[in-house]
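Please keep the sequence and the structure in view while reading.

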Amino acid sequence: MIDLHMHSTFSDGTMTPTELVERAKDNGVEVMAITDHDNIDGLREGNIVATKLGITFINGIEISANYKNKDIHILGYFINLEDKEFTNWLKKLGEKRYTRTLKILQKLEKVGIKISIDEVKEEVRGNVIGRPHIAKIIIKKGYAFTMNEVFDRYLGDGKVAYIPKIGVDMVEVVERLKSNGAVISLAHPHLISHTDDTVVNIINILVEVGLDGLELYYPSINIKKKNRYLKIMKKKKLLLTGGSDFHGLNRAGVDIGLGDISVEVYKKMLVRKIENNAINSK
Ligand code: AMP
Ligand code: ZN
Ligand code: FE
Ligand code: FE
């Protein structure tokens, strides 16, 4: 059984990479990927512990991108950690998140919620600030009780303190991942807050620049949507990928290994990786 989507304390998860691997082991996972938002800082630690425990570890990442002012998540697998051009670019993504955070804090102040940037920095390990970090402080300060409430009232798409990711073009994300040598999958297409037709459009655009797969094994996807995307996947000769999107205590009801995804999914990704390499070296 495999799980190719989860977050550590290096983004908005509540468990360290070591704890994620140990939990994966307990849950019977054979192949796992840690896919933190916009950074690879937890991967070396994860890899070392996974090797000790006999789990196959894939270097993963989930990069946030924009399309028509909305968020899109793109997964990269088999990331080459030595690629300096790629890691320098990731640093810039961290800086963009920082600027966005300042804007979110300004908007929150306008509705009477005062949070300083230093308070946010204390919540975050590494340099990737996400909305859940800000949400936690809002809860701590007593402005709301739950994460869902914070997103519904303040931080969610279109809400009073919502600022979309700043200027990370989805095509550039795929191109950067491609030149790193990663196998690329569109994360949870059913959660993209555009119409279905726009999502199909997004898939078409990204396939042109090297998208390899769609994440269609995912806890919350319904059969109807899944079947629609499965058809597109087959037509475009894309891979099927999947995972739990475990965030620890930040997302209730989800555990590592949820979905019981077959190891065959991983084998097909490996084949794709080899095919991509062959095309690149031509
Ligand atoms: P960001 O990367 O800063 O845009 O934050 C995105 C993250 O916020 C997602 O990966 C989720 O973990 C979290 N998130 C988004 N919407 C919600 C929601 N409605 N309730 C709880 N968490 C959410
Ligand atoms: Zn997240
Ligand atoms: Fe995501
Ligand atoms: Fe995720």
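Asp38 counts as buried because its relative accessibility is 3%, where buried means under 20% relative accessible area, exposed means over 50% and partly exposed lies in between, computed with a 1.4 Å probe and protein chains only. This is a predicted model, in which local features need pLDDT of at least 70 and side-chain atom pairs count only at pLDDT 80 or more, while totals for chains, interfaces and linings use all residues. Residues are numbered from 1 along each chain as its sequence is written, chains are lettered from A and ligands numbered from 1 in the order in which they are written, and side-chain values use heavy atoms, with hydrogens and water left out.

**Two residues with positive phi**

Most residues other than glycine have a negative phi. Asp38, although not a glycine, has a positive phi of about 60 degrees, and the residue lies in the loop between β2 and α2. Helices (H or I, at least four residues) and strands (E, at least two) are DSSP runs, numbered from the N terminus. Asp260 is not a glycine either, and has a positive phi of about 50 degrees. Asp260 is found in the loop between β7 and α10, and with a relative accessibility of 59% it counts as exposed.

**Other loop residues**

The loop that holds Thr35 runs between β2 (31-34) and α2 (43-53). Is Thr35 buried or exposed? Thr35 is buried, since its relative accessible area is 0%. When residues up to four places away in sequence are not counted, Thr35 touches Leu4, His5, Met6, His7, Gly60, Ile61, Glu62, Leu75 and Tyr77, a contact being defined as heavy atoms within 4.5 Å.

Gly253 sits in the loop between β7 (239-242) and α10 (263-280), and at 77% relative accessibility this glycine counts as exposed. Thr146, which is found in the loop between α5 (131-140) and α6 (147-155), counts as partly exposed at 40% relative accessibility.

**Two residues in helices**

Ile134 has its place in helix α5 and counts as buried, with 1% relative accessibility. Leaving aside neighbours within four places in sequence, Ile134 is in contact with Thr101, Ile104, Leu105, Leu108, Ile115, Val120 and Leu155.

Val265 is found in helix α10, and it counts as buried at 9% relative accessibility. With neighbours within four places in sequence again left aside, the contacts of Val265 are Ile2, Tyr217, Leu240 and Thr241.

| Pair | Separation in sequence | C-alpha to C-alpha distance |
|---|---|---|
| Gly253 and Pro219 | 34 residues | 9.8 Å |
| Thr146 and Lys136 | 10 residues | 8.6 Å |
| Ile134 and Ile104 | 30 residues | 8.9 Å |
| Val265 and Ile2 | 263 residues | 8.3 Å |

**A pair of helices**

The axes of helix α7 (residues 170-180) and helix α8 (residues 196-209) come within 9 Å and cross at roughly 35 degrees; such axes are lines fitted to C-alpha atoms, for helices over the stretch in contact, and the angles run from 0 to 180 degrees between N-to-C directions. Which residues make the contact between α7 and α8? On the side of α7 they are Met170, Val171, Val174, Glu175 and Lys178, and on the side of α8 they are Ile202, Ile205, Leu206 and Val209. Sorted by class, the contact of α7 with α8 has seven nonpolar, no polar and two charged residues, where Ala, Val, Leu, Ile, Met, Phe, Trp, Tyr, Cys and Pro count as nonpolar, Asp, Glu, Lys and Arg as charged, and the others, Gly among them, as polar.

**The chain as a whole**

The protein chain has 10 helices and seven strands. Its radius of gyration is 18 Å, close to the 19 Å that the globule rule gives for 282 residues, so the chain is as compact as a globular protein of that length; the radius is taken over C-alpha atoms, and the rule is 2.2 Å times the number of residues to the power 0.38. Taken along the principal axes, the C-alpha atoms of the protein chain fill a box of roughly 55 × 45 × 40 Å.

Of the 282 residues of the protein chain, 55% count as buried. Among the contacts in the chain with a separation of 6 or more, 73% are accounted for by residues 24 or more positions apart.
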